[in-house]
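Reader: I am new to this structure and would like to go through it with you. Could we look at it together?

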Amino acid sequence: MSAHDDVGEPLLDEDFLARCSRLALISRSVVRGKLRGERRSRRRGISTEFADHRDYVVGDDLRHLDWNIYGRLEKLFIKLFEEEEERNVVLLLDASRSMNCGEPDKWRHARQVTAALGAIALASGDRVHLRIFDRELHPVGGSMRGTRSILRLLQLLEQVKPGEATALLPSLRAHASSAPPRALQILVTDLMDPAGFEDALRQISGGQGESWLIHVLSQSERNPSQTGDLRLRDIENDSHVDVSFTSAVLDAYQRVLDNFCEEVRQVCNRYRIQPVEVTTDIPFDQVVLEMLRQRRLLG
Amino acid sequence: MSWIAPAMLWFLLLVPAVLLLWFLKIRRTETIVPSTVLWSRALQDERVRSPFQRLIRNLVLLLQLLAVILAVLALARPEFGSTRYSSRLNLILLDASASMNSIERDGKKRFEEARARALKIIDDISGERAVLIRFATRAETLTPVTSDLNLLSDAVRQQQPSSGLTAFPQALELALSIARQDSIVPAQVEEEDTTGEEALAPQIDARIFIVTDGVLPRWDGDPIPVPVIVEPVGEESSNSGIVTLAARREFSDEGDLRVVVEVRNSGDDPIAGELELLLDGQAAQSTERRTLEGGERWTRSFALKGSGSHQLEARWKPEGGDALSLDDRAWLVAAAPRPIRIARVGAPNVLLDDALAVIPSVEVEFIEDPAELDPETAADEFDVVVWDRVVPDALPLGTGHLVFGARPIQFWPDEVPLVEQPRLVSWRRDDPALRYCELGPIDGTVIATRPLPPMPGTTMLAECREGALIARFVADDLRGIVVAFDVLDSPWPLSPSFPFFIDAALRDLARIGGGIESGLHSGELIEVVAGPGVTEARLVNPTLEKETEVPVLPGGVLRIPADDELGIHRMQWRRADQDQGVWLDRWIPVNLLSPLESSIEPRPSIGLAGAEAVSGSQNWSQGRRHLWIWFLATALLVMLVEWIVFHRR
C-alpha cells in the first residue's frame, strides 16, 4: 500500500502543462458536442469544411447551391459542409482502495495521467468531465472547458481521496446512463474487481463514441519481489490468501497476470476500447508523451 | 531388534513438538495487496500445474519428523537381531589365577583392570542374558543365567584374585556345558522331510568372553561352537620366582633331606636376588646371591640334616621386588617318616627277608600260614602284605599287596603257560616302583616263570614277549604289584636293584612316601584320612589367625579346599578316644610353584585349538551389530535432504 501521497507536490508541473498546450487527444471517430467546437462532427453543418453534395430539394438554402457543377452538368446540387462542434472528454478515474496500494504509488500515478490527459483535452478546447468512482460513481466538479479549467481540474484531482472497494459494473453503468453522447471516455483503473471487468467495460463500449482504457498496475503487482511465507490481505474486502513465495508460485502468478492482461486486451478489442497498459515504474510524462503518442492517441 | 537404552524412546514426544513448531513456524507475515484475486488464481494454477508442490511443502515436515524419529531411535541404541539377540547368552569367564595378582606399572593389580573390563562387558550386553564364571584352580559359576546387570556387576565387584593355578579348560568346559544346556532346539519339521536326513543340531546362541592376561593352559578339547572374544589385560612382564621346591629323604637310616629349589626369571631383563632356605624358621644355609638373565632357570640343591618333622621355606628376594610376590616364597613339610608295617606271608625266604631287613623304617611281621592273616583286620594292622609264592583267592581290601612268584586269580583267573628264561623287552622306568631300579639282572636269567598277560585293571611294568614279569593291579580299594617269578629262580636278589625295588614298591603301596608333603596349590582339596573316631576338625591358616571348621566325612576323612593364603596350613582334629583338649594335627603346605603363573607376560592370543578367538575389545563390539550409527547417519542424511528441499522450493 502506498503510504506517501507526495503532499505538496503538484500533480503536473508548469513545463509539462506548457507541453500539453501543443497536444490534442486524437479521436478515431468524429465526436459531437452541444456547441460548435473545434472538432469535426458527423453532422453536416455550416462550417467552411466541405463534406459532400446532395440533390437540391425545394426549400434548400440557395446560397449553398454549387453553381460550378450546375454549369458543367446543368443539375442542381447542394454543397454540404461539416459542422465543427466541441468534444466531450469524460475522465473516469478509479478511486477505489486498490488504487491506493502498490509500489511505486499507483494512486498518484493514475491521477497524474488523468490530469495530463484532462489538461491536454482542456488545452485543445474539449469539454472535460471528471468522474470518480469506487463502489459507485461520483461526478466531480461538473464539466470543464477551456485552459482556465486546467487549474481547477488539477485541484480536484489533488483533493480527491481513495474511497471504498471497487464496483466497476454499477459505477460504469451509472456513468453510461448519464454520459454525453459521442464522448471520448478515458477510464483510468487497475480493473481489480472481484466481480470481473468484462461487463463493466461493455458499458463504455466505443460504439457511440471512443473509449480508452488506461490500465494502471504498480510495479509490485507486475513483478512481485516478496519472499518467504506471507499472508496477502486484500485491501478492499479484507480477505486473505496464504502464499509461500516459491519460484513455482511466482511463475504461476506471472502466468495469471499475463492472462489477465491478455483478457483485458481481448475484451477491449471486442468493445472497441483502446487499451493502454501502464505500470507505475514508468514516469507518467513518459506514458503520456511517448506511449500515447506512439499509439497515435495524442497528436 | 532390541534397544539398549529404551528409555530414550520417550524423546519421541519431540514429534508432536515438531508438529507444534511447524504450525507455529508458518505464522505468516501479513502484507496488504490491491487484490487477492490474481493470487488466488495463481495458487490454483500452481496446484494444478504442480500437484506435488503441496507434497513437497509437506515433505519438509515429513523429513523433519523422520529426522527426529531417526535421531531418537539412534539414542535408544538399537541392536539388530530382534528376539534372537535379546536372548543371546553371554558367558563371561573371569581369570582370577595367581598371575592376576601382578602389580602393573600404574601400581594397580592386574585383576583390577580385569574387573573393570568385565564390568564394561556387562554394561555393553544390556538386554541380553549372561552368566559369570570365575576360574583359578577351580572354575565356578558366580551367578545364575540372568539378565540382571546389577547382579552380574555386584558379583564382579566382589571378586578378588586367587593364589591358585588356572583351570582354564575346566572353565571353558563349564561354559560350553551351560551354553549347550541353553541351546535352542530347532523347530520340528514335517516328518517326511526329515526321513533319511540327520536331525538338525541344536543352535547355540551364545558367545564367550574371556577376561584374562592370557597366562592360560592351552585348550585341546573339542572345537568351540560359539564365538570366543578375548579381553586381554595386563602389561607388566618382568618377574622372577620359585617354580620348584622339592625334597626327598636320602636312602639312609638318618633320613637326611635333599632339597631342590628352582628359581626362574620369566622376564626379559636380568634380575638379581638372594635365595634363602629356612628350616623351621632358621636359616638352614647361607644366603646365596645370583643374577638371573632373562628366561634363565637356576636350580640349587641343598643337603640338610634332620630325620624328624621339619618345616622348610625357600625365599627368593629379588632386588627392588618384582611384579608378582606370590612366587617369591615356597614351603615344604618333611614329616618324620612312620615305619611301614609289613606282613610277610609265606615260607621263609632268605633272600627276600634279607632285602626287607635292609629297608629303613619298616616293621615286618612274619606269617608263614596265610590263614593266620585276618583279612578283616589286615588293613588296620598292615600297610603292605608281602606274599611270597602264595596268595589267597581273595586279597584283603584296604592294604597294599606285593606278590612274589604267585598269580592273584582275581585279576588273572586263567592258567598261564610256563616260559623258560624269558627275555625282557621293556620296563616302565617312570613307575614309582621302578624309579631307581635297573632290571638288567632279570633279562633272560629267570629260570622259568609264567608271564602274566594284560588283563583289565592291570598294568605291565616289566614285560617279556609272552607277558609281564612285573605287573601292577588296581581295583576298588585293592592295589598291588606282582612279580611273576620266584626270586629264588633268578639272580635279581643279588643285585642292588632288588632292595631298591622293594623299598620303592613298599613305599608306593603303603602310600606313605618319605614323609615329604610337597604341598598343594591354592584352591585344591586338602584331604587327610584321620581315621574313625574323629569328632571335630579345623583348618588353621599359616598365620594362626584364622580357623575354619572342617566337616568330618565317613571314615574320618577330612576334606576342605585350600584357601588363597599361601604357607603352611594346619589340619587339626580331635578323636573321641582321646583327651578333648588334645588336637592331632598335620601340616599342609600351600604353594604357587607354577612356571606358568610365574610367567606373567600378557599374551594377547590364547590357544583355543580349532576355535577362533576374537582378540581385543576393539573388535568384539563390532559383532554386536549396533544400529544406532546407521540411524544417526540416516537422520543426518534426511536433514541434508530436508535442507535441500526447503531451499529448492
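Reader: In what order do the strands of the 5-stranded open sheet in chain B run?
Author: This is a predicted model. In chain B, the order of the open sheet is E28-E35-E34-E30-E31, and its pairing is mixed.

Reader: Which are the edge strands there?
Author: They are strand E28 (520-521) and strand E31 (547-549) of chain B, each of which pairs on one side only.

Reader: How many bridges link E30(B) and E34(B)?
Author: Strand E30, residues 534-540 of chain B, is paired with strand E34, residues 567-575 of chain B, over 6 bridges in the antiparallel sense. Within this pair, Leu539(B) stands opposite Met571(B) in E34(B).

Reader: Now to chain A. How many helices and strands does it have?
Author: Chain A has 9 helices and 11 strands. Of its 299 residues, 43% are buried. Taking contacts in chain A between residues at least 6 apart in sequence, 79% join residues at least 24 apart.

Reader: What is the strand order in the 6-stranded open sheet of chain A?
Author: The order is E6-E5-E4-E7-E8-E11 in chain A, again as an open sheet with mixed pairing. Strand E6 (137-145) and strand E11 (273-279) of chain A are the edge strands. On average, neighbouring strands of this sheet are turned by 15° against each other, direction ignored.

Reader: Which helix packs on that sheet?
Author: Helix H3 of chain A, residues 106-123, packs on the sheet. H3(A) touches strand E4 (88-94), E5, E6, strand E7 (184-189), strand E8 (210-217) and E11 of chain A. The direction of H3(A) makes about 175° with that of E4(A).

Reader: And E5(A) with E6(A): parallel or antiparallel?
Author: Strand E5 (residues 127-133) of chain A and E6(A) run antiparallel and are joined by 7 bridges. In this pair, Val128(A) stands opposite Met144(A) in E6(A).

Reader: What does E9(A) pair with in its own chain?
Author: Strand E9 (residues 228-234) of chain A is joined by 6 bridges to strand E10 (residues 240-245) of chain A, and the two run antiparallel. Gly228(A) stands opposite Phe245(A) in E10(A). The hairpin of E9(A) and E10(A) has 5 residues between the strands, and Asp238(A) in this hairpin takes a positive phi near 65°.

Reader: Which strand of chain B pairs with E9(A)?
Author: That is strand E2 (residues 29-33) of chain B, which pairs with E9(A) in the parallel sense over 5 bridges. Leu230(A) stands opposite Thr29(B) in E2(B), and Arg233(A) stands opposite Ile32(B) in E2(B).

Reader: How many residues of each chain are in the contact?
Author: The contact takes 33 residues from chain A and 24 residues from chain B. On the side of chain B that touches chain A, E2, helix H2 (37-49) and helix H3 (52-75) of chain B each supply at least two residues. H2(B) gives the most to this side, with 10 residues. The residues on this side of chain B divide into 9 nonpolar, 7 polar and 8 charged.

Reader: Let us change topic to H5(B). What is its span?
Author: Helix H5 of chain B covers residues 110-124, and its end C-alpha atoms are 21 Å apart. At 1.5 Å a residue, its 15 residues should span 21 Å, so the two values agree.

Reader: Which residues of H5(B) are buried?
Author: The buried residues are Arg110(B), Phe111(B), Glu113(B), Ala114(B), Arg115(B), Arg117(B), Ala118(B), Ile121(B) and Ile122(B). The elements that cover them include strand E4 (89-95), strand E5 (129-135), helix H6 (149-157), strand E7 (206-212) and strand E8 (228-232) of chain B.

Reader: Roughly parallel or antiparallel: how do H5(B) and H6(B) lie?
Author: The axes of H5(B) and H6(B) come within 10 Å and cross at roughly 175°. The two helices are therefore roughly antiparallel to each other. In their contact, Arg115(B), Ala118(B), Leu119(B) and Ile122(B) in H5(B) meet Leu149(B), Leu152(B), Ser153(B), Val156(B) and Arg157(B) in H6(B). These residues divide into 6 nonpolar, 1 polar and 2 charged.

Methods: Residues are numbered from 1 along each chain as its sequence is written. Chains are lettered from A and ligands numbered from 1 in the order in which they are written. This is a predicted model: local features need pLDDT of at least 70, side-chain atom pairs count only at pLDDT 80 or more; totals for chains, interfaces and linings use all residues. Two strands pair if DSSP finds at least two bridges between them. Helices (H or I, at least four residues) and strands (E, at least two) are DSSP runs, numbered from the N terminus. Two residues are in contact if their C-beta atoms, placed from the backbone, lie within 7 Å. Ala, Val, Leu, Ile, Met, Phe, Trp, Tyr, Cys and Pro count as nonpolar, Asp, Glu, Lys and Arg as charged, and the others, Gly among them, as polar. Axes are lines fitted to C-alpha atoms, for helices over the stretch in contact, and angles run from 0 to 180 degrees between N-to-C directions. The expected span of a helix is 1.5 Å times one less than its number of residues. A residue is buried if 20 or more other C-beta atoms lie within 10 Å of its own, exposed if 12 or fewer, and partly exposed in between; C-beta atoms are placed from the backbone. Angles under 35 degrees count as roughly parallel, over 145 as roughly antiparallel, 65 to 115 as roughly perpendicular and the rest as oblique.
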